[in-house]
Amino acid sequence: MSTLKKISLLFIILILSSCGSGKSKVKKGSSAQPKKELVRNKRTSVATTKRSAANQKSETETSRSEVLVSTSKTTVTNEIVNAYIDQFSPIAKENMSKYGIPASIILAQGILESGSGLGTLSKNANNHFGIKCHTGWEGESVRHDDDSAQECFRKYTDPGESYKDHALFLTGRSRYAALFKLKKDDYEGWAKGLRAAGYATDPKYPEKLIGLIQRYQLQKYDMQVMGKTYKEEPVVVKTETKTTTIITSTPEIASNDITYKVQQGDTLYSISKKFNTTVDELKKKNNLSDNAIAIGQNLKI
């Protein structure tokens, strides 16, 4: 082989070798490694998203739990209220005889203020009337959120002591003196007078007491103390916008059910709130398949 051919062959080998080296470099610089990194980043992103969602769910559940725990509202059934009345009607009648406070008012306040014995204050402090410490109170006390945070409320050894202190509280303060000039069976006057004298800040306090008295027929205990025969009659309930007639059950027979005649603008929800019951309870008692009601329709409450 001539020298010229040898040189040409060597030159070709060098060129081919150079091309192979270039391809190798390109291969090393390929996107294989970034693809792995991209996969890792994607997995990390998904994991982070899942953790974030889990944290949000946990925070939501905690928030809901706190709201439920912090509320002081009490839900009771008719059976619970009636059991409360059976337990405390004797002491209510005794206090009416001794102090002149209508037994119906005493029981209605006890039911409302204590949640029929299931409220926070009644459970933790045997306080059935929401009486705060006030100046001069030397007994035990507890803190409870009311109009302001952590207010001072009286604590009693038993519910009977709370009932007695309620009577002494009303008879011992001049601002309630006008109430004792009312007729003994004037529970409506007492309900309105308690609110006017500052017993409660709720503007609907009288309406709530009167509603409880009429629904559970607590006025019969007033009649028993006064030695009169209790005869159930239609009761007219006056509100700011209308007058409603409630037809009670057979005279001298106690019943938990009363009948309400639907008025214009009424809904099952508004009626349930008026009589301290629920929409579901109204539908169940009246065999209603939906929330539709008609003016003039009589509903069992």
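Buried means under 20% relative accessible area, exposed over 50% and partly exposed in between, with a 1.4 Å probe and protein chains only.

## Basis

This is a predicted model, in which local features need pLDDT of at least 70 and side-chain atom pairs count only at pLDDT 80 or more, while totals for chains, interfaces and linings use all residues. Residues are numbered from 1 along each chain as its sequence is written, and side-chain values use heavy atoms, leaving out hydrogens and water.

## Salt bridges

The whole structure holds three salt bridges, each defined as a side-chain nitrogen of Lys or Arg within 4 Å of a carboxyl oxygen of Asp or Glu.

K132 and E151 pair at 3.0 Å, N to O. K132 lies in the loop between α5 (120-125) and β1 (141-144), and E151 in strand β2 (residues 151-154), 19 residues apart; helices (H or I, at least four residues) and strands (E, at least two) are DSSP runs numbered from the N terminus. E151 counts as buried because its relative accessibility is 17%; K132 is buried too, at 19%.

R154 and D165 form a salt bridge at 2.8 Å, N to O. This pair links strand β2 to helix α6 (residues 159-171), 11 residues apart, and both R154 and D165 are buried.

In the salt bridge of K208 with D202, the closest N and O atoms are 2.6 Å apart. K208 is partly exposed, with a relative accessible area of 32%, and D202 is partly exposed at 25%.
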